[in-house]
Amino acid sequence: MAAPASAAVAAPVAPSVAAGYSHTCAVSSAGALSCWGGNYSGQLGDGTKTNRTAPVRVGSASWAAVEAGTSYTCGVRTDGSLWCWGSNNRGQLGDGTTSGRTAPVQVGTATNWAVVNAGDTHTCAIRTDGTLWCWGYNRFGQLGTGDPADARTPVQIGTATSWATVSAGYAHTCATRTDGTLWCWGDDMFGQLGLGTPLTYRAAPAQVGTGTNWASVAAGYAYSCASRADGTLWCWGENGYGQLGVTGGQQPSPVRVGDATSWASVNAGFDTTCGLRTDGSLWCWGNNTAGQLADGTTTHRYAPVRIGTDTTWTNDNAVGYHNCGFRTGGSLWCWGNNANAQLGDGTTTQRTSPQQVTLPS
């Protein structure tokens, strides 16, 4: 449910962080993968099911990006191969089975994976040729295959070769194409597909409006947000905690968040949303039960609240019941829920302000 991962290249050009329900994983600027927090399904990838209160290095391979689902993790290595581990009850690891894995297992043999995104029990990824592939649970059509059958290995979605970004929510998926169009599919009970009239579900990609200037999209629990090339930010779907950044109930069509025209990217999680502005400031809103808005309270917010005064935040951030983000220079900071040590500070103490995390070398 995090924002799209960085493309696989010869060496990582930027660090990457991913937040699941109770675990966190990060790739350093040197390509080292580390994970910490809850490990009841093997989602940390260290070969055990032991919780970790601080980051633990996962193997010695070089990674380009990492993404976290609710209780599993996937990552792209610098050689373009795709690997997943953790819970696999619906085939979300893409290895052809429903067996959980405590260490990374390769998804097929392809070495041209560019981006991957993990939801609750389904996964989607884009290859360097612009094709889109999804697998895992499909009860609500979230794979986009046109029927509700689950898939234990990657299935190509349509024939388009112009997919640019993809984001997997709890039971729906949204993606952008290189022509700037936006598409969503899957569960639509709360209008999270943005099609104007809530449906039970949509089993194949449906275009959201007619706009051709969508830049990025993030699918959350039962809502979605997306930025446009003009710097505006839009959200739609369920709004019980203010995760859309506006007051009122659910919205079946995109509604604009404030009047700013400086939004660079957006990330959505378990009813909490965070957005980065072009000046390097980070803003969050919505669910604040665990202090994940970092405003010193546990009060839910219906409008963006700035995280401190720093202007050094990067696009590499993750949102859930706990949030994490990289700053320029490669330092990683986390805050919010810490019941399973997912903040990586060696404790299980909830934090309502960013705490620096020390990654292994």
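The entries below go from the whole chain to its cores and then to its disulfides.

**Entry 1: the whole chain.** I noted at the start that this is a predicted model. I asked what the chain is built from, and found 0 helices and 28 strands. The C-alpha trace spans about 45 × 45 × 30 Å along its principal axes. I then looked up burial: 59% of the 361 residues are buried. For contacts between residues at least 6 apart in sequence, I got 51% joining residues at least 24 apart.

**Entry 2: surface and charge.** The chain exposes about 12000 Å², and carbon and sulfur atoms supply 48% of that. I also looked up 18 positive and 20 negative charges, whose mean positions are 4 Å apart.

**Entry 3: the cores.** Which residues have the most contacts inside the largest nonpolar core? I found Leu82, Trp113, Leu132, Trp135 and Trp163, in a core of 29 residues. Several strands each supply at least two residues of this core, among them S6 (72-77), S7 (82-86) and S15 (182-187). Strand S9 gives the most, with 5 residues. I took a second look at Trp163: beyond its neighbours within four places in sequence, its contacts include Ile126, Leu132, Ile157, Trp183, Trp185 and Pro205. There is also a second, separate core of 15 residues, which includes Leu233, Val255, Trp263 and Ala268.

**Entry 4: disulfides.** How many disulfides does a search of the whole structure find? It finds 7, and I wrote up three of them.

- Cys124 and Cys134 have their sulfur atoms 2.1 Å apart. The torsion about their S-S bond is about 110 degrees, so this disulfide is right-handed. Cys124 sits in strand S10 and Cys134 in strand S11, 10 residues apart. Cys124 counts as buried because its relative accessibility is 0%, and Cys134 is likewise buried at 0%.
- Cys274 and Cys284 have their sulfur atoms 2.0 Å apart. Here the torsion is about 105 degrees, so I noted a right-handed disulfide. The pair links strand S22 (residues 272-277) with strand S23 (residues 282-286), and both cysteines are buried.
- Cys324 and Cys334 have their sulfur atoms 2.1 Å apart, and with 110 degrees about the S-S bond the link is right-handed. Cys324 lies in strand S26 and Cys334 in strand S27, so the pair ties together parts 10 residues apart in sequence. Both Cys324 and Cys334 are buried.

Conventions
Residues numbered from 1 in each chain as written. Predicted model: local features only at pLDDT ≥ 70, side-chain atom pairs only at ≥ 80, totals over all residues. Heavy atoms only, no water. Helix = DSSP H or I, 4+ residues; strand = E, 2+ residues; numbered from the N terminus. Buried < 20%, exposed > 50% of the residue type's maximum accessible area, 1.4 Å probe, protein only. Contact = heavy atoms within 4.5 Å. Areas by Shrake-Rupley, 256 points an atom, 1.4 Å probe, with all protein chains shown as cover. Lys, Arg positive; Asp, Glu negative; His and termini not counted. Charge placed at Lys NZ, Arg CZ, Asp CG, Glu CD. Core = buried A, V, L, I, M, F, W, Y, C linked by side-chain atoms within 4.5 Å. Disulfide = S-S within 2.5 Å.
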